[in-house]
Amino acid sequence: MNLLSDTLIGFAMLSLVPLGLWHYHTALVITIFLLPAYLLRLSLFGLPTNVFEISVIVVAILGLCQRAVRHSWLIAAQKMPRSVLIFGLCFLGASIIATIISPQTRVSLGILKSWIFIPLLFSWLIFSAAQNQLIAHRLIRGLVWSGTATALWGLTQIGRDERITSVYDVPNSLALWLAPLLVLALWRSLAAGDHSWATRLGILTMSVALLATQSAAALVAVVATLLVGITAWLPPPRRAKWYLMIFIVLAAGSLVYSGRLAYLVNPWTSGQANSLSVRQQLWSVSIELLQHHPLLGIGLGQFEPAYQQVLHERFQDYAASLSTGPQPLPEFVVRDPHNWLLSLWLNTGLLGLFSFIGLHVAIFWRAKWRKPHTQALLLSLLSLLLFGLVDTIFWKNDLAALHFVLLALTLADTTAY
């Protein structure tokens, strides 16, 4: 980034200081709104970072400087369930071990900072602040506003691009960000009675933007999650059924009209490879890697080079007629297995995978399932987990932070006063 951009970003970050000193929780809401701002990258004292990370660190320091905030941290620490703390520490420990064994320490340290440490720190700030339910609702609105803003940006690309991307580089990145936030906003409106203009605007814009990404996995995840919610918590409002029916029709129409549906069924209709074929190859390579590294995995952020090595070997075997299977696909630049179970196992080993699952089980077990606000958070997390069976839901700055924030808000709802 050039000097002018760095200066403007620095000025914006400094403006958080007086705001945080005047009203700490407002600064926290602004920080949660700035989750996609990880795309604004810069260097601080030679260390690569971004606007979101700096915002988290600034807000954490501001909280440390205020007695009332430190007191709320102490209260939150006393309320933290032991099982959640143990699973969280195990996940952090597994990530540190994965960094130590990594052949590319510098890369793994960057991932440990941006995708593990910062999200965990931010989720702690969210959990302690969300002990006050009024503040928790403001934080959730900050998430919805952030989704609305990125969706509005994406809507300006309709008609210009085949699939919109908003501030991201690919449509699926936008879909991964919007899908859980749409579910969160929609269920809060349908079941929790949040009929504010901001929530309605968010539902409308995020729905249209999600359709415009043409991400079949996102559309299926949203529909499946809403079906789970409507089935589990009956009777649903009539407008919930109408919204679901309209969304299904629009989603199917979008996939058919854009040609995405024909593209997705190509392997069965014409034998032509597509993104599903690539995913099958990713999963196959991942399983092969796990057979060689079942306990500790391959290290944080080491999937791409490991995947490329295995793929090269498969091409060599195929060329030498040592392989009886189909020809490998020449898709070498892939950073993730596109399945959260395989991804966590490869990146953090069995300890990381089990502790991540245990963290969810411990929080879901304690959740107040009958509360509409809790239902919205649980369904939002469920949409991510469903989406993550075929895509990357964690190993990315905004998604890692979003995942831990949703867990923190869900947990806070069980201990809030």
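Modeller: Helix H5 (82–101), helix H6 (105–129), helix H16 (340–366) and helix H18 (397–415) each supply at least two residues of the lining of the second largest pocket. Helices (H or I, at least four residues) are DSSP runs, numbered from the N terminus. The model is predicted: local features need pLDDT of at least 70 and side-chain atom pairs pLDDT 80 or more, while totals for chains, interfaces and linings use all residues. Residues are numbered from 1 along each chain as its sequence is written, and side-chain values use heavy atoms, without hydrogens and water.

A pocket is an open set of points on a 1 Å grid over the protein atoms alone, where a 1.4 Å probe fits, with protein on both sides within 12 Å along at least five of seven lines; lining residues have an atom within 4 Å of a point. This pocket is lined by 19 residues, and Met80, Gly88, Leu120, Ser123 and Trp124 lie nearest its centre. H6 gives the most to the lining, with six residues.

Two of the helices named above, H16 and H18, also meet each other. Their axes (lines fitted to C-alpha atoms over the stretch in contact, with angles from 0 to 180 degrees between N-to-C directions) come within 9 Å and cross at roughly 35 degrees. The contact (heavy atoms within 4.5 Å) involves Phe356, Leu359, His360, Ile363 and Arg366 of H16. On the H18 side are His403, Phe404, Leu407, Thr410, Leu411, Thr414 and Thr415.
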